[in-house]
Amino acid sequence: MMEDGKKGYFEAALSDFVFDVAAGGAIRHLVDRGHSVEQIMGELDYPVPRARVEKAVYRHLTESGILLDRLPAQTPGTQIALLQETANEKLPQTLAKRIGEYGEENSYMECPFGQWRKKNGEKFEKTIACLSSREQEYIRGILWEQDVMYHRLNGRMREIGMKLAMHTEEAWKFYFLKKSD
């Protein structure tokens, strides 16, 4: 007979395995296609609690490097370029140029959503009000476990970042990482 601690660990591991086989792969695929938590829940073949989907989405975003809790340490071989923007009509061209130079996989936007959600939900909602309902849904579906996180400037986040920079009073920061040759 198993001890209670080992039994609980085994049951949790088995539950995670079954969940991964049943829905994990589909969730990861849909995240990679840019789906929000709501959209993913609508696409799954059987009902999964929202909290479980949110955890799976967050885990995939962090494990794949789309969402970072901190930027890589600035070492002698790494350069970090910062673009800090408020409303600027040249922002779309500037971001496109930087992403072209550094690569999407090295381009990130600073996201203080975790801090705002915890300390000032009203500011969080007011800030994302300029986004489409689908974009708001995407931002709300991420757990934002740290006060400030960094989201890769993939197609969806680049659009969200441009709207936020152009339609809010916040000074948004965009980071571009490059290894020195």
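A crossing of two helices is called left-handed if the near helix is turned anticlockwise from the far one by less than a right angle, and right-handed if it is turned clockwise. Keep that in mind for one of the close-ups below, all taken from a predicted model.

**View 1. The whole chain, before we zoom in.**
Let's start with the parts list: the chain has eight helices and five strands. Reading from the N terminus, they come in the order α-α-α-β-β-α-β-α-α-α-β-α-β. The chain has 181 residues, and 40% of them are buried. If you take the contacts with a separation of 6 or more, 75% of them join residues 24 or more positions apart.

**View 2. Helix α4 crosses helix α8.**
Here you're looking at α4, residues 91-102, and α8, residues 155-167, whose axes come within 10 Å and cross at roughly 140°. That angle makes α4 oblique to α8, because the label "roughly antiparallel" is kept for angles over 145 degrees. Which hand does the crossing of α4 and α8 have? It's right-handed. On the α4 side, the contact uses Leu91, Pro92, Leu95, Ala96 and Ile99, while α8 brings Arg158, Met162, Ala165 and Met166. Sort the residues of this contact by class and you get eight nonpolar, no polar and one charged.

**View 3. Helix α7 meets helix α8.**
Now for another partner of α8: the axes of α7 and α8 come within 11 Å and cross at roughly 105°. The two helices are therefore roughly perpendicular to each other. From α7 come Arg134, Glu135, Tyr138 and Ile139, and they meet Arg156, Met157, Glu159, Ile160 and Lys163 of α8. This contact of α7 with α8 splits into four nonpolar, no polar and five charged residues.

**View 4. The buried residues of α7.**
Stay with α7, which covers residues 133-141, and pick out its buried residues: Glu135, Gln136, Tyr138, Ile139 and Gly141. What do they pack against? Their partners are α2 (37-43), α3 (50-63), α5 (113-119), α6 (121-128), β4 (149-152) and α8.

**View 5. Leu164, tucked away in α8.**
Leu164 sits in helix α8, and it counts as buried because its relative accessibility is 0%. Skip its neighbours within four places in sequence, and Leu164 is in contact with Met109, Phe113, Thr127, Ile128, Cys130, Leu131 and Trp172. Take Cys130: it's 34 residues away from Leu164 along the chain, yet their C-alpha atoms are separated by 7.0 Å.

**View 6. Ile27 and the nonpolar cores.**
The largest nonpolar core has 42 residues, and those touching the most other members are Ile27, Phe113, Ile139, Phe174 and Phe176. There's also a second, separate core of six residues, including Leu68, Leu71, Tyr150 and Leu177. Zooming in on Ile27, you'll find it in helix α1, residues 4-32. Ile27 has 0% relative accessibility, so it counts as buried. Its C-alpha atom is 8.0 Å from that of Leu44, which is 17 residues away along the chain.

Most residues other than glycine have a negative phi. Trp144 isn't a glycine, but its phi is positive, at about 45°. Where is Trp144 found? Look in the loop between α7 and β4. Is Trp144 buried or exposed? It counts as buried, because its relative accessibility is 1%.

Technical notes. Residues numbered from 1 in each chain as written. Predicted model: local features only at pLDDT ≥ 70, side-chain atom pairs only at ≥ 80, totals over all residues. Heavy atoms only, no water. Axes fitted to C-alpha atoms, helices over the stretch in contact; angles between N-to-C directions. Helix = DSSP H or I, 4+ residues; strand = E, 2+ residues; numbered from the N terminus. Parallel < 35°, antiparallel > 145°, perpendicular 65-115°, else oblique. Contact = heavy atoms within 4.5 Å. Nonpolar A, V, L, I, M, F, W, Y, C, P; charged D, E, K, R; others polar. Core = buried A, V, L, I, M, F, W, Y, C linked by side-chain atoms within 4.5 Å. Buried < 20%, exposed > 50% of the residue type's maximum accessible area, 1.4 Å probe, protein only.
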